[in-house]
Amino acid sequence: MKHILIAAALLSCIGMRAQNTGIDSVLRQIEANNKELQANAQLISSQKLENKTENNLPDPTLSYAHLWDSKNSSETVGEMVVSQSFDFPTLYVTRGKMNRLKTGALDAQAATVRQQILLQAKEVCLDIIMLQHQQELLDARLKNAEELAAMYAKRLAAGDANALETNKINLELLNVRTESRTNSTALNNKIKELLVLNGNRPLTPGRPFPDGTATPTAQALGLTEYPAIPLPADFHQVCDELLAADPSLQSFDNESAAARKLISASKQGWLPKLELGYRRNTESGHPLNGVVVGFSFPLFANKGKVKIAKAQAVNIDFQKDNAKVKASSELWQLYEEARNLDASMQEYKQTFQDQQDLTLLKQALTGGQISMIEYFVEVSVVFQSKTNLLQLENQYQKAMARIYKSRL
């Protein structure tokens with residue numbers, strides 16, 4: 001029993017470590033260090049505080065009057081008034097509920113910005129994985145071209161090959177070497193793009209090399225293999241779940257509810273405003289203390305505000321419906337794109353299983369069974385097809401990442 005518990009604990013640690021490597025590790029670091037996210041967090045915080053201030057009491061007033069008799073300046077009267085005005089109490093309750101809904105909308109907007117940044121970072125990670133696979137393919141192609149170039153250089157020196165064949169191989173070597181350098185540059189640029197998203201701070205390798213901390217290469221960051229993301233069997237249910245979890249739609253829901261509260265607050269704006277205070281008067285020769293009570297009737301200040309609030313609520317509802325339709329349409333378009341990409345990927349993989357191995361083609365060339373032209377035609381088709389498969393896999397992964405962006 002003890003051994004089973006130890007094994008379970010080890011498996012749990014391994015599982016947790018696996019979750020902290022690769023794309024997930026990079027995204028968590030970017031979430032913590034991204035400058036745009038940090039700036040947006042401060043903006044959202046300031047907007048929340050601004051909303052709260054709209055429900056504050058107005059400033060209290062203090063006034064003092066000193067009067068003297070026009071015929072006898074020694075006879076003076078002093079009067080002091082301290083007062084506080086405020087709206088009808090129910091209006092503060094309604095505005096408080098409205099502000100909480102606005103806060104929910106702001107939190108959803110912050111989640112939307114976070115989602116956009118992390119989706120951008122994930123797509124960069126997926127590009128790094130594709131470029132890494134492409135680099136491995138180009139390295140294999142380059143090695144093959146270098147071996148052929150060396151072999152044909154010897155055959156040319158021995159008089160067993162002609163210059164045209166040798167030049168053809170040398171040109172192939174030059175082209176592949178150029179493609180390899182270009183791809184390597186693109187790969188390095190993508191890693192630098194990740195660093196920028198991470199606030200220009202170094203990324204902690206998700207999968208360090210045994211000899212110590214690794215440089216931020218694709219291998220060191222664990223960005224060498226795509227995550228397994230199968231197509232959902234029933235996309236109708238998945239689509240409904242994703243729409244319910246979409247923070248941009250949640251923001252519209254909160255804004256719509258806040259707009260309803262604004263209508264209620266505008267209707268309560270017709271209620272009288274109140275004023276309470278303290279008054280001290282010395283006219284009779286000794287101080288007189290009293291209470292000041294006042295009412296303000298909004299005959300003009302609230303005119304048209306209810307209609308404005310209703311129009312704003314209808315506007316937000318239309319925006320919400322339009323956003324939901326667009327989000328649903330976009331999800332279905334991405335699903336159809338991913339389904340077609342997956343079908344093409346399976347066709348390529350099946351073709352590669354039935355295709356002749358490149359090693360056999362090379363043996364046939366060196367053995368004189370096929371010509372140089374036939375060899376290059378076959379090899380070009382194979383490498384181009386593998387490159388096409390890498391691009392299809394990248395497009396599929398990006399489509400699935402956009403579908404599941406609300407789960408980032």
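Predicted model: local features only at pLDDT ≥ 70, side-chain atom pairs only at ≥ 80, totals over all residues.
Biologist: How do you know how confident the predictor is in the protein?

Modeller: From pLDDT, the predictor's confidence in each residue, from 0 to 100. The protein averages 85, and 90% of the residues score at least 70.

Biologist: And where is confidence lowest, and where highest?

Modeller: Helix α1 (residues 2–19) is lowest, with a mean of 38, while helix α6 (residues 235–244) is highest at 95. Over residues 1–20 the pLDDT is below 50, and this stretch has three contacts in the model beyond near neighbours in sequence. A contact means heavy atoms within 4.5 Å. Residues 208–214 also stay under 50 in pLDDT, and for them the model has eight contacts beyond four places in sequence.

Biologist: What makes a stretch a helix here?

Modeller: It has to be a DSSP run of H or I with at least four residues; strands are runs of E with at least two, and both are numbered from the N terminus. Helix α9, for instance, covers residues 358–366 and contains A364.

Biologist: Why is A364 called buried?

Modeller: Buried means under 20% relative accessible area, exposed means over 50%, and partly exposed is in between (1.4 Å probe, protein chains only). A364 has 9% relative accessibility, so it counts as buried. Leaving out residues up to four places away in sequence, A364 touches Q369 and I370.

Biologist: What about T387, buried or exposed?

Modeller: T387 has a relative accessible area of 18%, so buried is the word for it. T387 sits in helix α10, and beyond its neighbours within four places in sequence it is in contact with Q134 and L137.

Biologist: What makes R402 and E123 a salt bridge?

Modeller: The rule asks for a side-chain nitrogen of Lys or Arg within 4 Å of a carboxyl oxygen of Asp or Glu. For R402 and E123 the N to O distance is 2.6 Å, and the two side chains meet in a salt bridge. That pair links distant parts of the chain, with R402 in helix α10 and E123 in helix α4, 279 residues apart. By this rule the count comes to 17 salt bridges.

Biologist: Why do such side chains pair at all?

Modeller: Side chains of opposite charge can pair when their charged atoms come close.

Biologist: Why is R402 called partly exposed and not buried?

Modeller: R402 has 30% relative accessibility, so it counts as partly exposed.

Biologist: What about E172 and R141?

Modeller: Their closest N and O atoms are 3.1 Å apart, and they form a salt bridge. E172 is in helix α5 (residues 163–197) and R141 in helix α4, 31 residues apart. Both E172 and R141 are buried.

Biologist: Which residues line the largest cavity?

Modeller: Among them are R141, E172, Y375 and F383. A cavity is a set of points on a 1 Å grid over the protein atoms alone where a 1.4 Å probe fits but cannot get out, and lining residues have an atom within 4 Å of a point. Helices α4 (89–157) and α10 (372–403) each supply at least two residues of this lining.

Note on methods:
Residues numbered from 1 in each chain as written. Heavy atoms only, no water. 1 Å grid on protein atoms, 1.4 Å probe; cavity = no way out; pocket = protein on both sides within 12 Å on 5 of 7 lines; lining within 4 Å.
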